[in-house]
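Hi everyone, thanks for coming. I'd like to walk you through a structure today, so please have a look at the screen.

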Amino acid sequence: MQFLWLTAWTDILESLRARWFTVYTVVFGGIVVLLFTLGLTESRVMGFTGLSRLMLTYIQLSMAILPIFVLITTVRSIAGDREAGVFEYLLALPVPLSAWYWGKLAGRFLMVFTPVFLAMLLAVAWGAAKGSDIPWRLFTYYTGLLLSLSWCFLGIGILVSSIARSVDVAQGAAFVIWLTLLLFLDLILLGIMIQQHVPPEAAVALALINPMQVFRTGTMMLFDPQLVILGPAAYVILDHFGTIGYMAFALVYPCVVGTLAAWIGYRLFRRGDLI
Amino acid sequence: MIEIRRLRKRLGRRDILLGLDLDIGRGQRVALIGSNGAGKTTLIRCLLGEYRCDGEIRLVGRDPRQFRTEVLRHVGFVPQLPPPLKMPVGQLVNYVASVCHTPAQRIVDVAARLGFEAERFRHQAFVRLSGGQKQKLLIAAALGRDADVLILDEPAANLDPEARGTFFELLAERQRDAVMLISSHRLDEVAALVNRVIELDQGKVVLDDRVADSVDLTSRLHCEVRLTRPEGAFAKAVGAWGFSDVDQGLHWRGSVAGADRLRFLGMLSRYAALIASLELREAPETTSQPRERANG
């Protein structure tokens, strides 16, 4: 455990020094500030106003930005370190491979999740200072969803880093993965598939295995419990899971995907050449 | 200490190592030489457990891949190219010290002997140090702990003559208990350090020779050089070796680490036409090696 935390701590310090982390923090903090300054809390959508409205928008924006940010920064820094010879030196030190790999993942997770969470806290603090009601249920659930999404894409990112031998290949693969998942959101390909009479079971199955779609549907649950926005697919989801069941699924499933991807990455990392 | 049997490694479609067999025992200082692509770096990476390979490798009796942590505790490694680590010097020293279970101060002390004040550069990113400073710190990290297998890839390439002298002394302190594998493109860079030479070519051992262990790693040679005329370029070159001008650029005096004599003579050879006389003499306080003298 000592080696694991040592590696995690090293990665945290490395991230704090990195430019990507500054940009990442500024982007998520900036979104909240921007939403406040644009007076989003004053507007109303589907009966939502105040902080709830802001959090809804923030979470939708996070879905667009967080996965690609996590994927690209993870694969860039890890594959970049390998390519530049950093691994050659650091892996010649007596650190167990498990501690190295999972420590790096733990450190990186903290650095990926913390700015997103802090931005949520900033929103709550700002709202409280302005005398708004704090929607704690929404806050807790959305924090859980963000945690789950961050872990999912971090796991995928580290898997890509374990396979790809160069930064270019890793970045390309990360981008293709993100684009594929993005295309299979209900708004884009799924809609077309249903229009083209693809069996609805196939469309729903795709929606349920795509962690981005699971996250998106999960975020809808609190303000649209009947999933009216989703159309007929909502019946399948609600019949099988129920509202609470799906909310739990939306929290757990991306975590499972992330853990599975990270575990496969670990097996590949151990099995092959380390550098 | 190092046993290698039928070691093969393939990278992509290319066979890099073609069935190596080697035994390297305690006290042996091995020059691993060969041209680019000969397989030196691949062999080192296999020894460090960084590459998966066919055949058998044992370091201190164990497979470095299977018993990585236990094996690497015995290994001090200096890479050919310093890694572009962004972490500050202080953090790097502490990290190496923590994972190797050695006091950070020990690494700092070795770095100080090599002429690098790690405390002064504590907050500076490793990657921002000069080539020589990086090399000194990496050597300090490798030698500032109880490593009995030293794997050094072109370790002295970026060091100034004074630091090289100290580096040789540091190696001399370990020469009985440790095994040293010193990789280089050129034999003359490491010839004076070793008692065995292994040359690789196209993934095979083409030369495995024991050499006379006649150079004392701690010895120093007093040196006097007289020139036929003063020359600015020579003054600069010999100044880098710490020589002082005794007579208006015509007579130079200084000392050279015994193990560095070949490199020093290589430098002098560039000015052979200028040299009127050259005297190299073992410093009496270190050893009683025979006197070498050359006149030009």
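Predicted model: local features only at pLDDT ≥ 70, side-chain atom pairs only at ≥ 80, totals over all residues.

Let's begin with confidence in chain A. Its mean pLDDT is 85, and 91% of its residues score at least 70. Which elements of chain A have the lowest and the highest mean pLDDT? The lowest is helix α8 of chain A, residues 189-195, with a mean of 70. The highest is helix α6 of chain A, residues 136-163, with 92.

Let's stay with α6(A) and look at how it packs. Its axis comes within 9 Å of the axis of helix α7 of chain A, residues 167-183, and the two cross at roughly 145 degrees. The crossing of α6(A) past α7(A) is right-handed. If you want to find this on your own screen, look on the α6(A) side for Ile156(A), Gly157(A), Val160(A) and Ser161(A). On the α7(A) side, they meet Ala170(A), Ala173(A), Ala174(A) and Ile177(A). By class, the contact of α6(A) with α7(A) is made of six nonpolar residues, two polar ones and no charged ones.

Now over to chain B. This chain is divided into domain 1, which covers 2-210, and domain 2, which covers 220-295. The C-alpha centres of these two domains of chain B are 30 Å apart.

Next, the sheets of chain B. One is an open sheet of six strands with mixed pairing, and the order is β5-β6-β7-β3-β8-β9. Its edge strands are β5 (75-78) and β9 (204-210) of chain B, each pairing on one side only. From one strand to the next, the twist averages 15 degrees. Strand β8 of chain B, residues 196-201, runs antiparallel to β9(B), and six bridges join them. To pick out one of these, go to Glu199(B), whose bridge partner in β9(B) is Leu207(B). There's also a helix to notice here: α5 of chain B, residues 131-143, lies across β5 and β6 (149-153) of chain B, at about 175 degrees to β5(B).

The other sheet has three strands in the order β2-β1-β4 of chain B, and this open sheet is antiparallel. Here β2 (14-24) and β4 (54-59) of chain B are the edge strands. Neighbouring strands are turned by 25 degrees against each other on average, ignoring direction. Strand β1 of chain B, residues 2-11, is joined to β4(B) by five bridges. Arg8(B) has Asp54(B) as its bridge partner in β4(B).

Last stop: where the chains meet. The contact takes 22 residues from chain A and 24 from chain B. On the chain A side, α1 (2-17) and α4 (86-90) of chain A each supply at least two residues. Which element gives the most to that side? That would be α1(A), with six residues. By class, the chain A side has 15 nonpolar, three polar and four charged residues.

That's my tour, and I'm happy to take questions.

Terms used. Residues numbered from 1 in each chain as written. Chains lettered and ligands numbered in written order. Contact = placed C-beta atoms within 7 Å. Helix = DSSP H or I, 4+ residues; strand = E, 2+ residues; numbered from the N terminus. Nonpolar A, V, L, I, M, F, W, Y, C, P; charged D, E, K, R; others polar. Domains from an automatic or database assignment. pLDDT = per-residue confidence, 0-100. Axes fitted to C-alpha atoms, helices over the stretch in contact; angles between N-to-C directions. Left-handed = near helix turned anticlockwise from the far one by under 90°. Pairing = 2+ DSSP bridges.
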